Amino acid sequence: MSSPLWKRGVRGDFVEIFKSIGVRGPMEFYIKVLEITCLHTILVLGAYLMTGLTGLFSLGQGGFVSIGAYTASIAYLHFNVPFPMAILMAVLMGSAVGFLIGIPTLRLHRDYFLLVTFGFGEMIRAALLHLAQLTGGALGIAGIPKLVDLPMILISILFITFLIYNLKRSRFGRNCIAIRDDELAASLMGINVYSHKMKVFILSSAITSYGGALYAFLIMFIEPNLFNWLESAKLIIITFVGGVNSITGAIIASVVYYSFGEFFRFVDVWRDVLLALAVLFVTIFRPGGIFGSWELSPTKLFSWRAKKG
Amino acid sequence: MEVLKAISISKNFGGVSAVDQFAMVQRENEITGIIGPNGAGKTTVFNLITGVYPLDTGEIWFYGKNITGLPSHRITDLGITRTFQNIRLFRNLNVLDNLRVAYGIKVRYTVWEEMIRWPRVKREEGETEELARSYLAYFGLEKYGDMFPYNLPYGLQRRLELARALMANPKLLLLDEPAAGLNPKEIHQLIETLLKMKEEKNLSIIIVEHHMELVMNICKMLYVLNFGKKIAEGEPKDIQRNEAVLQAYLGDEG
């Protein structure tokens, strides 16, 4: 533990991790890392819709992850709801809570909205701790079967990206950006700002609780501290580093950040320092995020390949 | 026909009376001017008409419909759009998308259709783009569709804002100092464009403006505000000779 950074071999470190998470070989480890990474990408997509596209800074995303995870696990374990139905229930629950939280908070502006969503996230955490009969309190819920695998997560990412990309390139996305840029001008261009923010909030909550539900059936154990406000803040930071106007940027930044963390465990505590530095450099030299507003689209990909070939 | 009718509208800001018992009538296919010294409450009148601020007293009627207290987006939907004194374009949307945003109220597809790119979305997006491009051409901006608005020269930004306001297909257009920051040549172009627009699109226009030449040339009726109060109304040639107006502009000694 106290050996200097440069003496700690990557290989030795990996073996340690293998043991700790009970995997047998490197392949299994890589898949595990990929699963966790891709799952976080789903959460980043939820945050992208809200913070990146619409400019709503929410520190309550973690609350929705927990709502999704707990709803699905409790439905599955205690009420014998089939797995797909449990996921669906988690999404519906997330959307419903999103709607209820949205009614008072969406009238607030930037910093106030941030504070209230922060409070909401912590409220969910406290509620999960104290509703011990249902949630197991601080002990959490163990014994959730692993029903989620990599292909399932990847298909989810593709599907969610498809939805968000479609929204971004038509009226919905334009309205989001217009609201982010100038709320007053947006409402004078005929956009119902409040109801549009509500749609964004509900959709983002649905995606995030979907991610949370999958998360529970991936890591097989959940507890109230699973997703605190720091994790919510990371989602926002990743969105910003990747590029506020770019889904591509958000996805790539998310994959890099979460897998970087796993593959470079040997940098240890320096991981967060590196992230902080990266954020600092990006905000100074590329205020629009690494990818700015560049977007990888099927047509671009196609024309690029055609040019090459 | 009366397009807009404001009945003794007032607005106070913390005891300061920004607009005091102002009344006006806008007739169809006419251009009306609201003039007055700085801080006279001209822009506040626009903000009251478009629902940015709630009225303290009075009523506003639009084509025989009471629009008092309606939210801004509903008022836009009914057919009143505006431009701003300090340009307010959407900086993260390109020129074409700035126009497309304004057409959002006319588009009929739903969010669900949007998500899966239903054929109707594609079709209406195509129509929107075609319309946006025709407005770009109308204002001589067709080359700049892919650029971001704040990279354009100031005069073009003003034109883009005008194009965006038209894109929402208004019946009444409110222009807040459209000539501010423009050079004489551009002002001349603006006058021509406004007159052309008025005829071709059967528009009614209200202009808040300092530039007297522009106002005197194209307005049929003028309202003069000073310290929130209407001090005169009438045709431009009468206003030019009005004692109270001269006093407000030149001071008591004048």
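**A walk through chains A and B**

Modeller: One place to begin is the pairing of strand 1 of chain B with strand 4 (residues 57-62) of chain B, where the two run antiparallel and are joined by 5 bridges. Please keep in mind throughout that this is a predicted model.

Biologist: What stands opposite B:Ile7 in strand 4 of chain B?
Modeller: The residue opposite B:Ile7 there is B:Glu59.

Biologist: And how many bridges are there between strand 1 and strand 2 of chain B?
Modeller: Strand 1, which covers residues 2-13, and strand 2, which covers residues 16-27, are linked by 8 bridges in the antiparallel sense. Within that pairing, B:Asn12 has B:Ser17 of strand 2 as its bridge partner. The hairpin that these strands form has 2 residues between them, and B:Gly14 adopts a positive phi near 50 degrees in it.

Biologist: Stepping back, what does the secondary structure of chain B come to?
Modeller: Chain B has 10 helices and 10 strands. Its radius of gyration is 19 Å, close to the 18 Å that the globule rule gives for 254 residues, so chain B is as compact as a globular protein of that length. Along the principal axes, its C-alpha atoms fill a box of roughly 65 × 40 × 35 Å.

Biologist: How much of chain B is buried?
Modeller: Buried residues make up 40% of its 254 residues. If you look at contacts in chain B with a separation of 6 or more, 64% of them are between residues 24 or more positions apart.

Biologist: Which domains does chain B have?
Modeller: The domain assignment gives domain 1 (1-79 + 170-254) and domain 2 (94-169). Their centres, taken over C-alpha atoms, are separated by 27 Å. Where the two domains of chain B are in contact, 8 residues of domain 1 meet 9 residues of domain 2, and the domain 1 side consists of 4 nonpolar, 2 polar and 2 charged residues.

Biologist: Changing topic, how many residues does each chain give to the contact between A and B?
Modeller: Chain B contributes 27 residues and chain A contributes 23 residues. On the side of chain B that touches chain A, the elements giving two or more residues are helix 2 (72-78), helix 3 (95-102), helix 4 (111-115) and helix 5 (119-138) of chain B. Sorted by class, that side of chain B holds 12 nonpolar, 6 polar and 9 charged residues.

Biologist: What about the largest nonpolar core, which residues have the most contacts inside it?
Modeller: That core has 144 residues, and the ones with the most contacts inside it are A:Ala72, A:Leu214 and B:Ala163. Helix 10 (residues 193-219) of chain A gives the most to this core, with 12 residues. Domain 1 and domain 2 of chain B both give residues to this core, so it lies between them.

Biologist: Which residues does A:Ala72 touch?
Modeller: Leaving out residues up to four places away in sequence, A:Ala72 touches several, including A:Ala86, A:Ala90 and A:Phe217.

Biologist: Is A:Ala90 buried or exposed?
Modeller: A:Ala90 counts as buried because it has 29 C-beta neighbours inside 10 Å, and the cut-off for that class is 20 or more. A:Ala90 belongs to helix 4 (residues 83-105) of chain A. With the same exclusion of residues up to four places away in sequence, its contacts include A:Gly68, A:Tyr210 and A:Ala213. From A:Phe64, A:Ala90 is 26 residues away in sequence and 9.5 Å away in space, C-alpha to C-alpha.

Key:
Residues are numbered from 1 along each chain as its sequence is written. Chains are lettered from A and ligands numbered from 1 in the order in which they are written. This is a predicted model: local features need pLDDT of at least 70, side-chain atom pairs count only at pLDDT 80 or more; totals for chains, interfaces and linings use all residues. Two strands pair if DSSP finds at least two bridges between them. Helices (H or I, at least four residues) and strands (E, at least two) are DSSP runs, numbered from the N terminus. Two residues are in contact if their C-beta atoms, placed from the backbone, lie within 7 Å. Ala, Val, Leu, Ile, Met, Phe, Trp, Tyr, Cys and Pro count as nonpolar, Asp, Glu, Lys and Arg as charged, and the others, Gly among them, as polar. A nonpolar core is a set of buried Ala, Val, Leu, Ile, Met, Phe, Trp, Tyr and Cys residues joined through C-beta atoms within 7 Å. A residue is buried if 20 or more other C-beta atoms lie within 10 Å of its own, exposed if 12 or fewer, and partly exposed in between; C-beta atoms are placed from the backbone. Domain bounds come from an automatic or database domain assignment. The radius of gyration is taken over C-alpha atoms; the globule rule is 2.2 Å times the number of residues to the power 0.38.
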